[in-house]
Amino acid sequence: MIPTIAEAAGLIAAKKLSPVDLMRECQARIAAKNGELHAFILETPERALADAKAAEARQMAGTLKGPLDGIPIGHKDIYSTAGIRTTAHSAQLLENVPTEDAVTVASWREAGVVLLGKLATHEFAFGGPSFDLPWPPARNPWDTERFTAGSSSGTGAAVAAGLILGGTGSDTGGSIRGPAALCGIAGIKPTYGLCPRTGILPLAQTLDHAGPMAWTSEDCAILLEAMAGYDPNDPGSADRPAPKLDVTQDLRGRRVGLIRHMHEQDAEVTPATLKGIEETAEILRKLGAKVVDVTLPSLQEFNAAGWVTLSAEAWAIHETWMRSRPLKYGEYLRARLALGGLLSAGDYIQAQRKRRELIARSFAAAADVDLLLTAAALGEAPRIREVPKWASLEKPNFTIAFNLLGWPALTICTGFGDGGLPVAAQIIGKPWQDGLVLAAGHQIELENGARGKRPA
Amino acid sequence: MAEPLSPDQFATLMAQAGITLPPEEVEDLRHAHAKLLGMLEILRAPAPPLAAEPAFTFSTEK
């Protein structure tokens, strides 16, 4: 049985589970499964052993640092790791070995995690699924012919398969919540400014969020507490105390806005996804919340402002290499970045005007609710070889809206579709209500039964 | 959906941006660009008034 982080932490604290044994169990699963999942693009066995032995020494001495001490994790390969290759899954950075950890990597290291390695990503968190990169794309553990979604594809696959108990993701247009949905795990894009981004390779600075992915919302809360905080070197970081995230807080009397138009009109989800959302709403009612319909701006408006913003900012980051060595990118990323290069300054400014309008309209629409509920993805994972190159331009997604707003948004698994693959819902909160969002996710997971089934 | 630019118009736009792609990728990008043009129409419809809120605020504090 693969423990959650909360379960493992309890066993480690009680001296009933050795961090070294736990690490070896994960490594055994990596040895058995990574050949077909491609979730890890670099393993760090010596570092893992050193981390696990240090945690075990603290366990024996009674000086454990907290619930992450001795917990096996992995980092998405856009997170800088001192002395460990960090490539963004790209030929552009094959030789890149950072000298410093990203701030969030350092925070988890200080919390005592055991680093098992670096995880697959879409190239620079934007180009995928690609088959022309130095490593193949990650595969979905529920069916290895299926897509993981992206860009935190390796983290999604590794957590679902139990290769790690938790890991880092990043989310610019849904890159945590998409893989969480298709891989059947939990993943939160925190409030913009909550988690430091220094040392994480950027995609689009006004949309980029760092965040955790794990099997449960409770585990995400543990991981998020350890990576949140003020970072004076990140201009987007909020100078406020790191929050205490209480997933047991009472939901009675809370008001939940069901954004029905997003998943029934703006985009049409599968029957299994719709059923999961309706069942989630019913669970929230049983927990004492009041569920009401709310109307936000349309997904089409959010997607227009979101993709123009993302494309323009990504181009600005990559334009030098796009002009000097474009063929070192994979085809998908090269094409997506090029599209950003074709935008005008006026286009970008119009996107920012629309963004401010969308923020104002969304605050007004959600004024009387504490949480929001909609889909996280259309349905079950498609076949990886059938994912359209321009899917994000063809159908609106459910996630980039909350990157534009900066509001915390969590994906949870709600059950399984006709194909036996996971389906999901998205729970959203107001800024800095990350704890309430995670509490809702945790209490729904306790009721919906979807956490009882792992990939074979 | 917006119409794609003509191949000549698109080649000019690419040249202005300083982008050189393998020829076999350009035609695909021209059609994808039309989808982006559709998004730009959404951003500009209805046209915001000239006195609309400035896109950016500038703070001397940060």
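A residue counts as buried if 20 or more other C-beta atoms lie within 10 Å of its own. The legends below describe close-up views of a predicted model.

**View 1. Gln27(A), a buried residue in helix H2 of chain A.** Gln27(A) is counted as buried because it has 20 C-beta neighbours inside 10 Å. The helix that holds Gln27(A) spans residues 19-37 of chain A. Leaving aside residues up to four places away in sequence, Gln27(A) touches Pro45(A) and Leu116(A). Glu43(A) lies 16 residues from Gln27(A) along the chain, and the C-alpha atoms of the two are separated by 9.2 Å.

**View 2. The largest nonpolar core and Val114(A).** This core has 152 residues. The members that touch the most other members are Ala39(A), Val114(A), Ile185(A), Ala214(A) and Leu371(A). Helix H10(A) gives the most to the core, with 11 residues. In soluble globular proteins, nonpolar side chains tend to be buried together. When residues up to four places away in sequence are not counted, the residues touched by Val114(A) include Pro19(A), Met23(A), Ala48(A), Asp51(A) and Ala52(A). Val114(A) also touches Ala55(A), Gly70(A), Ile71(A), Pro72(A) and Ile73(A).

**View 3. Helix H4 of chain A and what covers it.** H4(A) runs over residues 103-110, and its buried residues are Val103(A), Thr104(A), Val105(A), Ser107(A) and Trp108(A). The cover over these buried residues includes three strands of chain A, namely E2 (72-76), E4 (166-171) and E6 (209-214). Helix H7 (217-227) of chain A is also part of the cover. After H4(A) comes Gly112(A), with a positive phi near 100°.

**View 4. The loop between strand E3 and helix H5 of chain A.** The loop joins E3 (114-119) to H5 (153-160) and contains Pro129(A). The peptide bond from Gly128(A) to Pro129(A) is cis, and its omega is near 0°. A cis peptide bond also runs from Gly150(A) to Ser151(A), with omega near 15°. Ser151(A) has its place in this loop as well.

View 5. Ala125(A) counts as buried because it has 30 C-beta neighbours inside 10 Å. Ala149(A) counts as buried because it has 31 C-beta neighbours inside 10 Å.

**View 6. Helices H9 and H15 of chain A.** Two packed helices are described by the angle between their axes and the distance between the axes. H9(A) covers residues 271-286 and H15(A) covers residues 434-448; they pack at an angle of about 105°, with their axes 10 Å apart. This angle is why H9(A) is described as roughly perpendicular to H15(A). H9(A) contributes Glu279(A), Thr280(A), Ile283(A) and Leu284(A) to the contact, while H15(A) contributes Ala440(A), Ile444(A), Glu447(A) and Asn448(A). By class, these residues are 4 nonpolar, 2 polar and 2 charged.

**View 7. The contact between chain A and chain B.** Chain A puts 28 residues into the contact and chain B puts in 24 residues. On the side of chain A that touches chain B, at least two residues come from each of helices H10 (299-324), H11 (331-341), H12 (345-365) and H13 (391-394). The residues on that side of chain A are 15 nonpolar, 4 polar and 9 charged. Chain B has 2 helices and 0 strands. Of the 62 residues in chain B, 11% are buried.

**View 8. Helix H10 of chain A against helix H2 of chain B.** The axes of H10(A) and H2(B), the latter covering residues 23-43, come within 9 Å and cross at roughly 115°. H10(A) is therefore roughly perpendicular to H2(B). The crossing of the two helices is left-handed. From H10(A), the residues in the contact are Gln300(A), Glu301(A), Ala304(A), Ala305(A), Trp307(A) and Val308(A). They meet Met39(B), Leu40(B), Ile42(B) and Leu43(B) in H2(B). The residues of this contact divide into 8 nonpolar, 1 polar and 1 charged.

Conventions
Residues are numbered from 1 along each chain as its sequence is written. Chains are lettered from A and ligands numbered from 1 in the order in which they are written. This is a predicted model: local features need pLDDT of at least 70, side-chain atom pairs count only at pLDDT 80 or more; totals for chains, interfaces and linings use all residues. Two residues are in contact if their C-beta atoms, placed from the backbone, lie within 7 Å. Helices (H or I, at least four residues) and strands (E, at least two) are DSSP runs, numbered from the N terminus. Ala, Val, Leu, Ile, Met, Phe, Trp, Tyr, Cys and Pro count as nonpolar, Asp, Glu, Lys and Arg as charged, and the others, Gly among them, as polar. Axes are lines fitted to C-alpha atoms, for helices over the stretch in contact, and angles run from 0 to 180 degrees between N-to-C directions. Angles under 35 degrees count as roughly parallel, over 145 as roughly antiparallel, 65 to 115 as roughly perpendicular and the rest as oblique. A crossing is left-handed if the near helix is turned anticlockwise from the far one by less than a right angle, and right-handed if clockwise. A residue is buried if 20 or more other C-beta atoms lie within 10 Å of its own, exposed if 12 or fewer, and partly exposed in between; C-beta atoms are placed from the backbone. A nonpolar core is a set of buried Ala, Val, Leu, Ile, Met, Phe, Trp, Tyr and Cys residues joined through C-beta atoms within 7 Å.
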